[in-house]
Amino acid sequence: MHADRWGYAPVEHGELYYEVSGTGPALVFIHAGVADHTMWSAQVEEFARDHTVVTYDSRGFGQSRTEDTSFSNRQDVADLMKHLGIEKAVIVGCSRGGQIALDFALESPEKVSGLVWVCGGVSGMDEAFTPDESQWFAQLEELWAAQDWERLSDLETQTWTNGVGQPADRTPPAMRAQVRAWVYDSYTRKDGESSPRVLQPPAAGRLGEVKCPVLVLVGDLDTTIVRAAADLLASSLPDARKVVFSNAAHLPNLEQPVEFNETVRAFLEEHKH
């Protein structure tokens, strides 16, 4: 599906590439750290039928651009919405994007009518890997230190598509190839050096402040930390519902797009978005 319009939104010392499709209540999608805005193509096709759907490349990814600077991912979302004339939206974020979406809901609650948190993080949360996961992620750190982008991209792809310790061919080859391309492009892109400013105080101690309805989505093959974060949100947020995708890891919208869209659609209809 081709976007109705696209462009670049000015942000602090940079610009964000965005695409907008459809009309109706606004949905803003924030991609994972192993992807770019195109990870949401199946969701754009579904929800642009009756919503204004915004996807964008966050700073440091895809077609967005940044100078050497510190910045706020939350302010970037606010600036993008202002540029597009969107006062309030349901924010959907996956992985890194899920943590950004949650932090944005805390910093700018007046701009968020609902939140769909997908396999994300919770800023300020205590985290602990299992021994097997610790060994697995130590390999990633070693490859990062060596700047071995080829092997690192391979292992990152295995981690976030199939899941830690899962069979290497658990997910379709085309999906793995796409994620691998996103990851490699991210590691080898030429752009400014930017460092995100974290939310203070972080989200973990403030979950009671989130007043909008929240849909918590997680795969049962995701990491211990992500599944623990989903449990924390489901038990701590005032208005949250958790859905677990069976036989899915970190990117359920890519693995099970039909089921993902049906689940999000039900949430939107329940809350009249």
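**Entry 1: a term before starting.** A residue is called buried when its relative accessible area is under 20%, exposed when that value is over 50%, and partly exposed in between. I keep in mind throughout that I am looking at a predicted model.

**Entry 2: C119.** I looked up C119 and found it in the loop between β8 (112-118) and α4 (131-145). Its relative accessible area is 0%, so C119 counts as buried. I also noted its backbone: phi of C119 is near 50 degrees, a positive value in a residue that is not glycine. Most residues other than glycine have a negative phi, and most peptide bonds are trans.

**Entry 3: Q147.** I then turned to Q147, which sits in the loop between α4 and α5 (149-162), and whose phi is also positive, near 55 degrees, in a residue other than glycine. Is Q147 buried or exposed? With a relative accessibility of 53%, Q147 counts as exposed, whereas C119 is buried.

**Entry 4: a cis peptide bond.** I checked the bond that leads from Q200 to P201 and found that this peptide bond is cis, with omega near -10 degrees. P201 belongs to the loop between β9 (194-196) and β10 (214-219).

**Entry 5: T171.** Where is T171 found? I located T171 in the loop between α5 and α6 (173-188), and its relative accessible area of 2% makes it a buried residue. Setting aside residues up to four places away in sequence, I listed what T171 touches: T161, N162, R176 and E255.

**Entry 6: L232.** I found L232 in helix α7 (residues 224-236), where it is partly exposed, with a relative accessible area of 25%. Which residues is L232 in contact with, leaving aside its neighbours within four places in sequence? They are V122, M125 and L207. L232 and A48 are 184 residues apart in sequence, and I read 31 Å between their C-alpha atoms.

Entry 7: I looked at helix α2 (residues 73-84) and helix α3 (residues 96-107), whose axes come within 9 Å and cross at roughly 75 degrees. That angle makes α2 roughly perpendicular to α3. On the α2 side I wrote down N73, R74, Q75, V77, A78 and M81, and these meet R96, I100, D103, F104 and E107 in α3. The residues of this contact divide into five nonpolar, two polar and four charged.

**Entry 8: the whole chain.** Last, I stepped back to the protein chain, which holds nine helices and 11 strands. Its C-alpha atoms fill a box of roughly 45 × 40 × 40 Å along the principal axes. Its radius of gyration is 17 Å, which agrees with the value near 19 Å that a compact globule of 273 residues would have. Of the 273 residues, 53% are buried, and the accessible surface comes to about 12100 Å², of which 49% belongs to carbon and sulfur atoms. I also noted that, among contacts between residues at least 6 apart in sequence, 72% join residues at least 24 apart.

Key. Residues are numbered from 1 along each chain as its sequence is written. This is a predicted model: local features need pLDDT of at least 70, side-chain atom pairs count only at pLDDT 80 or more; totals for chains, interfaces and linings use all residues. Side-chain values use heavy atoms; hydrogens and water are left out. Axes are lines fitted to C-alpha atoms, for helices over the stretch in contact, and angles run from 0 to 180 degrees between N-to-C directions. Helices (H or I, at least four residues) and strands (E, at least two) are DSSP runs, numbered from the N terminus. Angles under 35 degrees count as roughly parallel, over 145 as roughly antiparallel, 65 to 115 as roughly perpendicular and the rest as oblique. Contact means heavy atoms within 4.5 Å. Ala, Val, Leu, Ile, Met, Phe, Trp, Tyr, Cys and Pro count as nonpolar, Asp, Glu, Lys and Arg as charged, and the others, Gly among them, as polar. The radius of gyration is taken over C-alpha atoms; the globule rule is 2.2 Å times the number of residues to the power 0.38. Buried means under 20% relative accessible area, exposed over 50%, partly exposed in between (1.4 Å probe, protein chains only). Accessible areas come from the Shrake-Rupley method with a 1.4 Å probe; for residues, only the protein chains shown count as cover.
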